[in-house]
Amino acid sequence: MLTLPPSVRIYLSLQPVDFRKGVDGLAGVVRRVWDEDPLAGHLFVFIGRRADRVKILFWDRGGFVLYYKRLERARFQLPAVQPGADRVVISAADLAMLLEGIDFSRVRHPRQWVPRRQGTGRMQNLVDRSPQV
């Protein structure tokens, strides 16, 4: 499982990309087509035309990193998205499943729990547990 801070976004391209492109070509796609900053520390995931190859581009401490994986007997499965979208933001768990070749259509994600905000200050929820004299 990938452990990434919540500030790191993972952008998955829904359109196949020419895999002859290297770091500069993919950074150009990120900058010109998606209007995103390739130096921001986010991960940019590209799938090849045959869907058996993936490239992940990201910036790390003064240089670009290009991760490449080829599946020998399967195809990378893309998640279902809205028509007309050229990319989607996915979670680290989704990226891990994608890299394993897991079919997104067969995975059920639980609804994400978000705590309810109560009051305006932290002290409102505290109970005085000091001994009574």
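# Briefing on a predicted protein model

Helix H2 is mostly covered, with seven of its nine residues buried. The structure described here is a predicted model, and the protein it shows has two helices and five strands. Along the sequence these elements follow the pattern β-α-β-β-β-β-α. Of the 133 residues in the protein, 30% are buried. Among contacts between residues at least 6 apart in sequence, 57% join residues at least 24 apart.

**Helix H2**

- The buried residues of H2 are Ala-92, Asp-94, Leu-95, Ala-96, Met-97, Leu-98 and Leu-99.
- Strands E1, E2 and E3 are among the elements that cover these buried residues, and the cover also includes strand E4 (63-70) and strand E5.
- Gly-101 follows H2 and has a positive phi, near 85°.

**Nonpolar cores**

- The largest nonpolar core consists of 17 residues, and those with the most contacts inside it are Ile-10, Val-45, Ile-47, Val-54, Ile-56, Leu-95 and Leu-98.
- At least two residues of this core come from each of strand E1 (10-13), strand E2 (43-47), strand E3 (53-60) and helix H2 (92-100).
- The element that gives the most to this core is H2, with five residues.
- Val-45 illustrates how these parts meet: leaving out residues up to four places away in sequence, Val-45 touches Ile-10, Tyr-11, Leu-12, Ser-13, Trp-34, Val-54, Lys-55, Ile-56, Leu-95 and Leu-98.
- Another core, of 11 residues, lies apart from the largest one and includes Val-17, Phe-19, Val-30 and Phe-46.

**Aromatic pairs**

- The protein has six aromatic pairs.
- Tyr-11 and Phe-44 form a stacked pair, because their ring centres are 5.4 Å apart and their planes stand at 5°, where under 30 degrees counts as stacked.
- This pair links distant parts of the chain, since Tyr-11 belongs to strand E1 and Phe-44 to strand E2, 33 residues apart.
- Both Tyr-11 and Phe-44 are buried.
- Phe-19 and Tyr-68 form a tilted pair, because their ring centres are 6.1 Å apart and their planes stand at 55°.
- Phe-19 lies in the loop between E1 and helix H1 (23-33) and Tyr-68 lies in strand E4, so this pair ties together parts that are 49 residues apart in sequence.
- Tyr-68 has a relative accessible area of 43% and is therefore partly exposed.
- One aromatic cluster is formed by Tyr-11, Trp-34, Phe-44 and Phe-46.

**The largest pocket**

- The largest pocket holds about 190 Å³ of space.
- Its lining is made up of Pro-79, Ala-80, Val-81, Val-88, Val-89, Ile-90, Ser-91, Asp-94, Phe-104, Ser-105 and His-109.
- By class, seven of the lining residues are nonpolar, three are polar and one is charged.
- Strand E5 (residues 87-90) gives the most to this lining, with three residues.

**Loop residues**

- Asp-52 lies in the loop between E2 and E3.
- Asp-52 counts as buried because its relative accessibility is 8%, below the cut-off of 20%.
- Apart from its neighbours within four places in sequence, Asp-52 is in contact with Lys-69, Arg-70, Leu-71, Ala-74, Arg-75 and Phe-76.
- Ala-51 is also found in the loop between E2 and E3, and Ala-51 has a positive phi of about 60° although it is not a glycine.
- Asp-35, in the loop between H1 and E2, has a phi near 60°, again a positive value in a residue other than glycine.
- Asp-35 is exposed, because its relative accessible area is 66% and the cut-off for exposed is over 50%.

Methods
Residues numbered from 1 in each chain as written. Predicted model: local features only at pLDDT ≥ 70, side-chain atom pairs only at ≥ 80, totals over all residues. Heavy atoms only, no water. Core = buried A, V, L, I, M, F, W, Y, C linked by side-chain atoms within 4.5 Å. Buried < 20%, exposed > 50% of the residue type's maximum accessible area, 1.4 Å probe, protein only. Helix = DSSP H or I, 4+ residues; strand = E, 2+ residues; numbered from the N terminus. Contact = heavy atoms within 4.5 Å. 1 Å grid on protein atoms, 1.4 Å probe; cavity = no way out; pocket = protein on both sides within 12 Å on 5 of 7 lines; lining within 4 Å. Points joined across faces, edges and corners; volume = space filled by probe spheres on them. Nonpolar A, V, L, I, M, F, W, Y, C, P; charged D, E, K, R; others polar. Phe/Tyr/Trp six-rings, centres within 6.5 Å; stacked < 30°, edge-to-face > 60°.
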